[in-house]
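These are my notebook entries on a structure I looked up. I record the voids, then the ligand site, then the backbone geometry.

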Amino acid sequence: MSPGRDAAWPPLRDELRGLAPYGAPQLDVPVQLNVNENPYAPSPRVVADIATAVAEVTGTLNRYPDREFIELRKALADYLVRESGVSVAPEQLWAANGSNEVMLQLLQAFGGPGRTAVSFAPTYSMYPEYARDAMTTWVAGRRREDFGFDVDHARELLDQHRPSVVLLPSPNNPTGTALPHEVIGTLCGLLPDGVVVVDEAYAEFRRSGTPSALELLAEHRNLVVTRTMSKAFALAGARVGYLAAAPEVCDAVRVVRLPYHLSAVTQAVATVALRHADELLSRVDDLRHERDRLVAWLRGRGLDVADSDANFVLFGRFADRHAVWQGLLDCGVLVRETGPDGWLRVSVGTPEEMAAFRDALTRTLTGTLAGTLTRTLTEETR
Ligand SMILES: Cc1ncc(COP(=O)(O)O)c(C=O)c1O
């Protein structure tokens, strides 16, 4: 028998057999509101500066890049002090190809066979995959019904499993819920021998008064805060994520990273983008405003909506969420079928995109399927 026809070929790890690669559908539709991107492309001025930097670096591509990306780390430190008022040294920063890669490296360094990673559902759907890929046992606790954090439940779960890594998105994906400082401080205190990773992929969108976990770094040596340039920075295509933590944590991650993992092109793009931070982030306020408008509009339609500190909103609850998702898609609007049963997640786009979304949802909910779609789960279970 040729290897291709043999059920045991290729020699995949048993736990990977039959699994599909992760990823939201990449469909070519007019209004794409499914992966929480920033809808505003970089301006011609930023594009020109990035192009110049890339052209310069192209002349040296015969050489490997700076393995420690010192210039980029300094630029990230400058940015963080301006954004959150927290001063971190370059040796407290680490970057990789998206915060996805940063977190995989964290699991490679601090997880592994015989160790456990914990998060609290609903949570970011990639976490179990990092754990699986780093051969780490995965345990998912739960959040409260209103998506708030249940500290007593967390305490029990940590006591029971003694994880080496806890993954906490704040604001949470898919609910948009941010964590208060007290919760983060409590978890760091409960797990002195493990690392508590607060994933702040959406931090720049937080409402005023919502703190960043960066403020707690000086108090907790086991706290790791991850961030990304994919969301507020409008740089998803460049693949740049980073973490801030104690220097020992960065040193541990350096052990597992591939040599020269951050290309010279990526470093150049990210460094120039950080120089233009004010401009790249200039639409964040507009997106926050559009988010708050969207929450109010959805609530005005009698839907359940989770409070959001991010650039997306979780709404529902639908007896058949797939039919609503399909109805929106039929109107040219792509949202994400994710989160607890009955809920959908929509990213915040431009005012025009949000108008298209509102129109599509109105048409879907009042269309031919109206009878089944507008009956929410809440009503059904009442
Ligand atoms: C909570 C959360 N963390 C991390 C990421 C990964 O982002 P990236 O790898 O683009 O930095 C995402 C992406 O959607 C996310 O939602």
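Entry 1, cavity. By the definition I used, on a 1 Å grid over the protein atoms alone, a cavity is a set of points where a 1.4 Å probe fits but cannot get out; a pocket is an open set with protein on both sides within 12 Å along at least five of seven lines; and lining residues have an atom within 4 Å of a point. Grid points are joined across faces, edges and corners, and a volume is the space filled by probe spheres set on the points. For the largest cavity I noted a volume of about 70 Å³. Its lining comprises 14 residues, with Ser-170, Glu-200, Pro-211, Ser-212 and Ala-213 nearest the centre. I sorted that lining into eight nonpolar, four polar and two charged residues. In this sorting, Ala, Val, Leu, Ile, Met, Phe, Trp, Tyr, Cys and Pro count as nonpolar, Asp, Glu, Lys and Arg as charged, and the others, Gly among them, as polar.

The model is predicted: local features need pLDDT of at least 70 and side-chain atom pairs count only at pLDDT 80 or more, whereas totals for chains, interfaces and linings use all residues. Residues are numbered from 1 along each chain as its sequence is written, and side-chain values use heavy atoms, with hydrogens and water left out.

I noted about 780 Å³ of space in the largest pocket. I counted 35 lining residues, and Val-35, Asn-100, Tyr-124, Lys-231 and Arg-239 lie nearest the pocket centre. The lining divides into 15 nonpolar, 14 polar and six charged residues. Helix 3 contributes the most to this lining, with four residues; helices (H or I, at least four residues) and strands (E, at least two) are DSSP runs numbered from the N terminus.

Where does the ligand sit? I found the ligand in the largest pocket, the criterion being that more than half of its atoms lie within 2 Å of the grid points. The ligand is surrounded by 13 residues, the closest being Ser-99, Asp-199, Tyr-202, Thr-228 and Ser-230; a residue is near if one of its heavy atoms lies within 4 Å. This shell holds four nonpolar, six polar and three charged residues. Helix 3 (residues 98-110) gives the most to the shell, with four residues.

I then listed polar contacts (pairs of N or O atoms within 3.5 Å). Ligand oxygen atoms lie 2.6 Å from a side-chain N or O atom of Tyr-202, 2.6 Å from a polar side-chain atom of Ser-230 and 2.7 Å from one of Arg-239. Taken alone, the ligand exposes 390 Å², of which the protein buries 93% (Shrake-Rupley method, 1.4 Å probe).

Which peptide bonds did I record as cis? One runs from Trp-9 to Pro-10, with omega near -10°, and Pro-10 is in the segment before strand 1 (31-32). Another joins Ser-170 and Pro-171, with omega about -5°; Pro-171 is in the loop between strand 5 (165-169) and helix 6 (181-190). I also noted Phe-69, a residue other than glycine with a positive phi near 35°. Phe-69 is in the loop between helix 1 (44-58) and helix 2 (70-84).

Key:
Polar contact = N/O pair within 3.5 Å; in protein donor to acceptor, adjacent residues only side chain to side chain.
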